[in-house]
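My notes follow in the order of looking.

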Amino acid sequence: MATTTMSPGRSARTTDGGSPRPIRRHAAWTPYAFMAPFLAIFITFVAVPAVFGVWMSLHDWDYMFEVKPFVGLQNYLNLFDSASAAYQSFWNGMRATAIFTVASVPLLMAVPLAMAILLNRRFPGRTFFRAVFFMPYVLGVAVVGLLFRFVLDPNIGIVNAAISALGLEGALNALGISTPIPWITAQPWAWISLVLMTVWWTLGFNTIIYLAGLQDIPRELYDAAKVDGATGWQQFRHVTLPGLRNVLLFVVIITTLASANMFGQSVMVTSGGPGDSTRTALMVILGEGLESFRMGSAAAMSYLLAVFLSIVSILNVLMVRGRRRR
Amino acid sequence: MNRLDAIPAHPLSRRRFLTATAAVGAGALLSACGGGSSPANPGASAPAEPAADTYDGPSVELEFWNGFTGGDGPFMKQLVDQFNAEQDAVSVRMTVMEWADYYSRLPAAVTSGRGPDVGIMHLDSLSTNAARNVIMPLDDVATALELDSSDFADAVWSAGEYKGQRFGIPLDVHPLGFYYNKTVLEEAGLDPEAPPMDRASYEDALEALKSAGISGHWMSPHAFTGSMTLQSLIWQFGGSLFSDDGTEVLWDQDPAIEALTWMVDAIHDGYSPSDVGQDADAIALQNGQAAFNWNGIWHMNSLNEVPDLEWGVAPLPNIGGTPAAWAGSHNFVMTTPRSPDDNKLNAARVFINWVSRQSVDWAKGGQVPARTSVRESAEFAELTDQATFAEQVDYLRFPPAVPGIGDAFEDFDQALNEAVLLTKEPADALRSAAERAAKKLEENRNRFGE
């Protein structure tokens, strides 16, 4: 099937065989000209700093000092030496980032998928609801963070006020949850709040991607499945999911990277607290590099984080691909 | 550096993420400018001429950066406008940004030659920035302006010096003080005009408030205002955060443990709710849910804007036995220019001197003037709330002038947070934070070549 629908142009050209020379529609440099603006920005702001960062990470780097002593791999070794000042804060940050990623990615995969399937049905007001669910995503992290800091405040926040106004305290206490709930000042509540708030804030983005993917699955496949007597779940399992495989791969990688880069929510809502339990790797790196100005050490941390993220991304690809082979 | 630097003019105006975004931007900028040669440092040897009151060179434009984003901003803007109106040859352009943003951006701007000519810094940032060659010595300015130590509080004056050179001209002092809600005190049967000023009466008052169903003093686990409260208490209990030379961390010793335990006990005893959120302590006072709040002098602007709020201020109550209160101070600094321009330097001197003399107008924005002569003037005495804060001037305490001292406060704040959120015992929290901070201070000593 694929061979018949794909590349009619090429087969036409070779079979007609009038001219062996392909028609040239553009100059040799045209693609590069189109890429140039992006390439210039990419090289200036990504490639050069990335290479320069490696150089930086091998030094005790403070750009205000004339002398930036070469320290070899010391900045990296410090991150594995429990006696150094950087060790504890860095690995604590990595742990916080890992907790957030593991907790948020499954939700950010599943909830938007369910949402997309619902919003893909025909019902009155569908466009309105699509806009509504996407809307939080257009807010900046500043707005969302400040909003939730007050909404979730344990003593003066509206959520706890609502709980007590609705008389839900008794029910919660019966479940072993003491009230008022310390949403942002005690664990595990702080993580629960940050994850749920992030899901609310960003689910619109993944929903849109899924919706586009769903609309690409040919209707005939569903019709054929119905003729074969497939139930709703079976249609989902054997038509929808396989049809979304490439979309899923994209979403899982993007979402994992976005979650691993979590920063603003912690800064705004919990300030890294309680203690330093929600101080993510990015907060640690920023503090090290641009507040304490130990930029060599911060660069080393960034590269270690990048290595971890590459490994996770490769694992994600292998997982989704592996399923395809089966 | 993140904590004391980010003095807000308004409790809600702190948006550190903005900082962060800007800082990332600054980072990109740095990489772009590569090796970034250090700017020339004209040093203290420049002549102490000319006279400080007037500038008669060719016309110059001065860039002036600061972080007065809150209620204090308009007061500074007004001073700058007035200066520009009075001067023909000098025009000052003021740029305001968040403090934390300012501190991470300034070094990059100075390195690339796009920095301001004049800036404002908190006194605990002076030594770090002096060591990093962001700002230049001002001994000649101090001499030309005929400033001398006798006109300034000792702690403020000496904190502006680093390695024997002067880097900051003090503009103001902003201490922590005691805010109380008169209506709430009355409800609990307490005298709204005589707030408790020592430990026994303070605890009695908290007990009376508790009987009236009010958590009297909300203990904040956050840098604002908890950290400043704890620091004040540590000094009151006879302790200190650091040794005088800033080399040793002392907040794992008994006075600090006593101070933090007092805060935590307030929660156990029902004088404070647990899990107080960021700014919730200040808002509770406004809402009449709390009677007391230890907050910075800048906070009075916010309270003035709340209609029908009956509130008063007093010096901090003496809980520990020794009178002491936390304070910060804004200082004028001049950034290290890439290519020194004598006209600009002279114009900057005139500007700094002029504003320094107008500091009563500045005090109206919620500050205590740094100059003793201004502080003791009749004009300042008319600002009764500010003058009440200023009563503490003899026992105000500032962090030591050691480069990189801000790094240690991160750990201090974490200990406070853990203890006040009841996840760790005060002594444990302080001890492990002190260990971490000691490592950082040691690394900083090597780095700054102390």
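Asp279(B) has 21 C-beta neighbours inside 10 Å, so I count Asp279(B) as buried, the cut-off being 20 or more. The model is predicted.

I then checked the backbone there. Phi of Asp279(B) is positive, near 70°, and the residue is not a glycine. I placed Asp279(B) in the loop between helix 11 (254–268) and helix 12 (280–287) of chain B.

I looked up Lys163(B) next. Its phi is also positive, about 50°, and Lys163(B) is not a glycine. Lys163(B) sits in the loop between strand 4 (161–162) and strand 5 (165–166) of chain B. Is Lys163(B) buried or exposed? I found 12 other C-beta atoms within 10 Å, so Lys163(B) is exposed, the limit being 12 or fewer.

Why note such values? Most residues other than glycine have a negative phi, and most peptide bonds are trans.

I turned to the peptide bonds. The bond from Gly273(A) to Pro274(A) is cis, with omega near -5°. Pro274(A) belongs to the loop between helix 14 and helix 15 of chain A. Thr225(B) is in helix 10 (residues 223–236) of chain B.

Last, I looked at the interface. I read 40 residues of chain A in contact with 45 residues of chain B. On the chain A side, helices 3 (30–57), 5 (85–119), 7 (141–151), 14 (264–270) and 15 (281–291) each supply at least two residues. By class, that side has 21 nonpolar, twelve polar and seven charged residues.

Notes: Residues are numbered from 1 along each chain as its sequence is written. Chains are lettered from A and ligands numbered from 1 in the order in which they are written. This is a predicted model: local features need pLDDT of at least 70, side-chain atom pairs count only at pLDDT 80 or more; totals for chains, interfaces and linings use all residues. Two residues are in contact if their C-beta atoms, placed from the backbone, lie within 7 Å. Helices (H or I, at least four residues) and strands (E, at least two) are DSSP runs, numbered from the N terminus. Ala, Val, Leu, Ile, Met, Phe, Trp, Tyr, Cys and Pro count as nonpolar, Asp, Glu, Lys and Arg as charged, and the others, Gly among them, as polar.
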